[in-house]
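Hi everyone, thanks for coming. I'll walk you through one chain today, so please have a look at it first.

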Amino acid sequence: MNILPSIKKSISCIAIILASCFLVSFYQKNTELNNSEKTKKVLIFSKTNGFRHESIPAGIAAIKKLGSENNFLVDATEDSLAINSKNLKKYQAVIFLSASGHVLGDEQKLALQQYIEKGNGFVGIHSATNCEPDWDWYTKMIGGIFEGHPEPQNAKLIVVDHKHPSTKHLPEIWERKDEWYNFKYLNPNVKVLIKIDESSYNGGKHGNNHPLAWYDDYDGGRAFYTALGHSPESYSDPLFVKHLLGGITYAMGK
């Protein structure tokens, strides 16, 4: 009895089964990779209508570097029309990097609000509190409205919450030079991360309770704000860059 054809047939069946298993495994791994990529993407928005910070390019470069080092993708735009419901679906967080003035129309405002209501994240950096100051929903989300500032100078920051990813690496007292914002409105519901010691510099207007970084689970989503980041040099400061990374990580929901 010639059993060779049967053996060949069995080998062919095994080969087909193994190939099928390989293709299924390959498909599953690629699907997991694609899903992973979809959960790690942020949009930087840095349009200005008024004063423009020279630190914006350095900020974009620093955040893109953070993305490449921490497995999330980064897009950057100054096009207000990019703030629309279809486009925002691609991102887990939107970063307003020193955006300022009136930069969004009614449709863009609605898209951003609905985006947050769906459980996504927002990061505001420096002059983002001087953006859309007449929009009540945005003001409450970002947590404050910029009023003014003295000349940049050295000061002492007090880290009041070391549990948050944006502050767990920071010392109790963090000394640095920046442009220290005063605010004409502060949302009392935010969770303060960092305050400034007004006795350590000139020009503060809030006394013993002068917050400069905070976060909030707002309207279904997550919002993080830091008033730091005025100068281009800030974005090469390891402590500040890690502070930003923690805020972005929180906003993405990780």
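Let's start with Y215, which is buried because its relative accessible area is 16%; buried means under 20% relative accessible area, exposed over 50%, and partly exposed in between, with a 1.4 Å probe and protein chains only. Before I go on, a word on what you're looking at: this is a predicted model, where local features need pLDDT of at least 70, side-chain atom pairs count only at pLDDT 80 or more, and totals for chains, interfaces and linings use all residues. Residues are numbered from 1 along each chain as its sequence is written, and side-chain values use heavy atoms, with hydrogens and water left out.

Now the overall picture. The chain has six helices and 11 strands; these are DSSP runs numbered from the N terminus, with helices being H or I of at least four residues and strands E of at least two. Of the 254 residues, 49% are buried. Take the contacts with a separation of 6 or more: 73% of them are between residues 24 or more positions apart, a contact being heavy atoms within 4.5 Å.

On to the rings. How many aromatic pairs does the count come to? It comes to 15, where rings of Phe, Tyr and Trp (its six-membered ring) pair if their centres lie within 6.5 Å, and planes under 30 degrees apart are stacked, over 60 edge-to-face and the rest tilted. One of them joins F96 and Y138: the centres are 5.9 Å apart and the planes at 35°, so this pair is tilted. It links distant parts of the chain, with F96 in strand β3 and Y138 in helix α5, 42 residues apart. F96 is buried at 0% relative accessible area, and Y138 is buried at 1%.

Back to Y215, then. It forms an edge-to-face pair with Y250, 5.2 Å centre to centre and 75° between the planes. Y215 sits in strand β10 and Y250 in helix α6, 35 residues apart. Y250 counts as buried too, at 11% relative accessibility. There's also a cluster held by ring pairs, made up of F45, F96, F122, W135, W137, Y138 and Y218.

While we're at α6: 11 of its 15 residues are buried, among them F240, L244 and Y250. D237 caps the N-terminal end, with a side-chain oxygen 3.0 Å from the backbone nitrogen of L239. Just past the helix, G253 takes a positive phi of about 90°.

Last topic, charges. The whole structure has eight salt bridges, each a side-chain nitrogen of Lys or Arg within 4 Å of a carboxyl oxygen of Asp or Glu. D237 turns up again here, in a salt-bridge network with R176 and D178. E69 and K65 meet at 2.5 Å, N to O, and both lie in helix α2, four residues apart, about one turn of the helix. An α-helix has 3.6 residues a turn, so residues three or four places apart point the same way. K140 and D136 pair up at 3.4 Å, also four residues apart, this time in helix α5.

Where do K109 and E132 lie? Their closest N and O atoms are 3.6 Å apart, in a salt bridge. K109 is in helix α4 and E132 in the loop between β4 and α5, so the pair ties together parts 23 residues apart in sequence. Both K109 and E132 are buried.

Technical notes:
Polar contact = N/O pair within 3.5 Å; in protein donor to acceptor, adjacent residues only side chain to side chain.
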